[in-house]
Amino acid sequence: MNMTWKGWLSRATVAGGLALGTLAATAASAQETIKVGILHSLSGTMAISETTLKDVMLMLIDEQNKKGGVLGKKLEAVVVDPASNWPLFAEKARELIAKDKVSAVFGCWTSVSRKSVLPVFKELNSILFYPVQYEGEESERNVFYTGAAPNQQAIPAVDYLMKEEKVQRWVLEGTDYVYPRTTNKILEAYLKAKGVKPEDISINYTPFGQSDWQTRVAAIKSFGSAGKKTAVVSTINGDANVPFYKELANQGLKATDIPVVAFSVGEEELAGIDTKPLLGHLAAWNYFMSIDTPANKAFIKQWHDFTKNPKRVTNDPMEAHYIGFNMWVKAVEKAGTIEPDKVIAALPGTKQDNLTGGTSEMLANHHITKPVFIGEIKDNGQFDVVWKTDGLIAGDAWSKELDGSKDLEADWVKLNCGNYNTKTKKCGGA
Amino acid sequence: MRRCLVLLIAACCAAWSLAAAAQSPPAGAGQPSPEAAYARLASDSYGDIEAGIALLAASGDPRAGAVLRALADNRLLFRPDDRLLAIRDGAALTDARTGAALPGADGLKPVRLNNRVRRAIDAAQGSLNLLAPDAGTRRVAADAVFKARDTAVLPALDAALARESDAGVKRTMQEARAAALLASPGTPEGERLGAVSVLQARGDSEALAILRGLSADPAASVRDAAARGVTGIETRMALMANVQNAWYGVSLGSVLLLAAIGLAITFGVMGIINMAHGEMVMLGAYTTYLVQELIRQNAPALFGWSLPIAIPLAFLVAGAVGILIERVVIRHLYGRPLETLLATWGISLILQQAVRSVFGPSNREVGAPSYMAGAFDLFGLSITWGRLWIVVFALAVFLALNLILKATSFGLKTRAVTQNRRMASAMGIRTPWIDAFTFGLGSGIAGVAGVALSQIDNVSPNLGQGYIIDSFLVVVFGGVGNLWGTLVAALTLGVANKFLEPYAGAVLGKILLLVFIILFIQKRPRGLFALKGRAVEA
């Protein structure tokens, strides 16, 4: 009897203490933290790329809290998992903004997911930082694009091949969805403007997850045998890349014969494959892990310490989050509040040192300035930078190469418009 | 002090180059000095390095071969201050110019490579290796010279041709000579004509490229000969393209067969709509990954055996998981196909996320043993070893499965249970166990397929998803319950796909194929080889 009584008493005390503790914690957090939403898929097909971005955001937030947080308050990460499911992205975004009251969201990878959350961010007036290279042709008041626009990746890569490799014949090989289609449209217009004949351009699309590349590689081989130097510009997405490069190697197409320049293959994608057959093929990015600057070294060390794994690689979208997050911190401190309208107004013009030795700036069109690097794949899965642009390139929201978007301009500072038509002098597109 | 040092180094360099000049045999009029080549190699500019390589190959320096090999392997280092060049061999450093040991040299960084530099190395090594003792090396060298089309190698090529004994290598050298002759502007018309016919006989895409480039040749006879050569090669290549397509089709068909054959048991024979079939394939692929990891860590010499070792293990792992699923979930759902579909779909998601949690979301590296890499030439048809082995393996699995079903007691019981469950049960067959083992067999075969697919696809948690639709397509098209139907269906779909792809593109080709299958199923709802008799009603 005595024992039971004692046991009950002690349990009650523990429960009471726990309840009290929880209450205190909630009260404290409600008062003192600024919430930051992280909207990256942690399950499903896109988990392969997006999980890392969630980790890097947690690291950046942790780091900022060690420095004392923002506006004297600690930051609190709210992580949700939209599970690679596009409608779920919109649902989770709504949950982050309306229920968790986050002050900004860092997230999305695919263009479909970005387009799916756009209406939510507009309706609830919040801020999204989008860290991935994309097809452009967009500028929204609530979105800040820290990845590369086509003129910050695709066009410089083609310039490099034309100048350095003297390429005259082009295969534009892509997966069949919006990013490759738009990028290839821009590249085709650009190449034709540079005097490349239509018969020297071959454009092909394959379905998602294509794993049988025999026919395509044979076709590239025969297209490349017309007596002119040929290169492949690859916008092949995700998992389809590995079988593509394997088939290239098996059929004996070396980078010295027909180089492939890819826009979606980075350190993370190379981590899972044997890179010997890929030696010498190229990738164009705004950041490479192998770039030797003190800032990059410190970032890589911080990343290894945070993940407790000295083998984890860093990549371009991670740097984009690094730049975007620090710009957001600066803008919030400048505005002195987390109120979205004021932060959106404070962001353009914010400057932040990137990891490769330059200083990126948020532009009025909500894109940023970035350097462009061309790297050759080495046998250790890293890239050797063989070329870079002289300075930083400003991101174009609307491509100058396409008829539909040539006359459009995005400027949220002076014009307060994402698609101002310079011909008709009206906001609202072509 | 510093200036003294620089002067000293300069003096040393000068003395060294004088000594080098004294040592080397009297250089020919056009032969550049090796020092000029080395000085340009020790640079950060790709243009300089490229020029340095050409100079080095032309200089006749006996150390050129070793230096170029080191450069190609990224083992050539240089010091920017005094243009010292060193070759790294493990931990030891040697002076590239003299071959003397260089203990404790610091401030060295690697000479950088890009594609331009690599091309220059290939060409230079080609001209240096034309007289190598090994026929294989000479063939590679002749190929490199063919690609480089450098007129400066012509004398070396003539010398090599005179001494060549191997017929195959000799032919390659003649082709290289023809290519170089056509590239040099001063070649007389007769020799050009001869070169054109040599290239026409070679008949591949590279010969075609050179001949096409002759359309603006000053001599009419050469232009005509080249045009005839182009037509001849194009006709031959169009013919070969069809053979090539057929082979690609068989190869794609074998992959479809591998992916579908396990499903032909679980869905075809047992009638279970098994949406987790793809995940069994994935488990097989991950088993291969684990086997390779263990071998890499413990016995690297066994790497070539990793796939044969993985095959039985993958069968056991996937088979055991299959039996578990059947015992725990599916047996409660027999006769309720919709619930089975949903339950197995759920299991597939659980398995995917479980693998993602254990191994992480990113791809795992599964290496190819040496016999799976590369390609060989069969009458101008390029066949990759990996694909060939997969075709052989798919057929072997198919035959083994047939044997199990037709010639073993277990197979007999399986067929008895599927044909008439109550009668089989009355004969003393323990039908629940036969169900479990049959499902295990189908899953195990899927696991074995995973071993082969790990060689051509990504080993990631999503591996199975890419194959599930195609697998059902093959089984339904071939006729449910018929293994031979599965074989014919897989090969038909593979070949049809590959013949459609060049004309319609990969996306439209796939759509056309699906439309065709829909129409076909309308006409013959039970597939190519429909089962007749009592099994149909069961």
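Predicted model: local features only at pLDDT ≥ 70, side-chain atom pairs only at ≥ 80, totals over all residues.

Visitor: Let us turn to sheets in chain B. In what order do the strands of the 4-stranded open sheet come?

Guide: The order is S3-S2-S1-S4 (chain B), and the pairing is antiparallel. Strand S3 (92-95) and strand S4 (109-110) of chain B are the edge strands, each pairing on one side only.

Visitor: How many bridges are there between S1 and S2 of chain B?

Guide: Strand S1 (residues 76-79) and strand S2 (residues 84-89) of chain B pair over 4 bridges, in the antiparallel sense. As one example, Arg79(B) stands opposite Leu84(B) in S2(B).

Visitor: Now the helices. At what angle do H11 and H18 of chain B cross?

Guide: Helix H11 (residues 220-269) and helix H18 (residues 431-453) of chain B cross at roughly 170 degrees, and their axes come within 7 Å. H11(B) and H18(B) are therefore roughly antiparallel to each other.

Visitor: Which residues meet there?

Guide: From H11(B), the residues include Leu258(B), Ile261(B), Leu263(B), Ile265(B) and Val269(B). Among those they meet in H18(B) are Phe439(B), Leu441(B), Ile445(B), Ala449(B) and Leu453(B). By class, the contact of H11(B) with H18(B) has 13 nonpolar residues, 5 polar and no charged.

Visitor: How far from H18 is the axis of H15 in chain B?

Guide: The axes of helix H15 (residues 385-407) of chain B and H18(B) are 11 Å apart, and the two helices pack at an angle of about 170 degrees. H15(B) and H18(B) are therefore also roughly antiparallel to each other.

Visitor: What does each helix bring to that contact?

Guide: Ile390(B), Phe393(B), Val397(B) and Leu401(B) of H15(B) meet Ile445(B), Val448(B) and Ala452(B) of H18(B). The contact of H15(B) with H18(B) has 7 nonpolar residues, with no polar and no charged ones.

Visitor: On to chain A. How many of its residues are in contact with chain B?

Guide: There are 44 residues of chain A in contact with 44 residues of chain B. The elements giving two or more residues to the chain A side are helix H2 (47-66), strand S7 (201-206), helix H7 (214-223), helix H8 (241-250) and strand S15 (383-388) of chain A. H7(A) gives the most, with 6 residues.

Visitor: What classes do the residues on that side of chain A fall into?

Guide: The side of chain A that touches chain B divides into 14 nonpolar, 19 polar and 11 charged residues.

Visitor: You mentioned H2 of chain A. How many residues has it?

Guide: H2(A) has 20 residues and reaches 28 Å from its first C-alpha to its last, close to the 28 Å expected. Just after H2(A), Gly68(A) takes a positive phi of about 110 degrees.

Visitor: How is chain A divided into domains?

Guide: Domain 1 of chain A covers 1-148 + 293-371, and domain 2 covers 154-262. Their C-alpha centres lie 36 Å apart, and the contact takes 4 residues from domain 1 and 4 residues from domain 2.

Visitor: Finally, why do S17 and S19 of chain A each have one side left without a neighbour in the sheet?

Guide: Strand S17 (408-411) and strand S19 (426-427) of chain A stand at the edges with a single partner strand each, so one side of each has no neighbour in the sheet. The order of this open sheet is S17-S18-S19 (chain A), with antiparallel pairing. Strand S18 (residues 417-421) of chain A is joined to S19(A) by 2 bridges, and Asn421(A) has Lys426(A) in S19(A) as its bridge partner.

How values were computed:
Residues numbered from 1 in each chain as written. Chains lettered and ligands numbered in written order. Contact = placed C-beta atoms within 7 Å. Nonpolar A, V, L, I, M, F, W, Y, C, P; charged D, E, K, R; others polar. Pairing = 2+ DSSP bridges. Axes fitted to C-alpha atoms, helices over the stretch in contact; angles between N-to-C directions. Parallel < 35°, antiparallel > 145°, perpendicular 65-115°, else oblique. Domains from an automatic or database assignment. Expected span 1.5 Å × (residues − 1).
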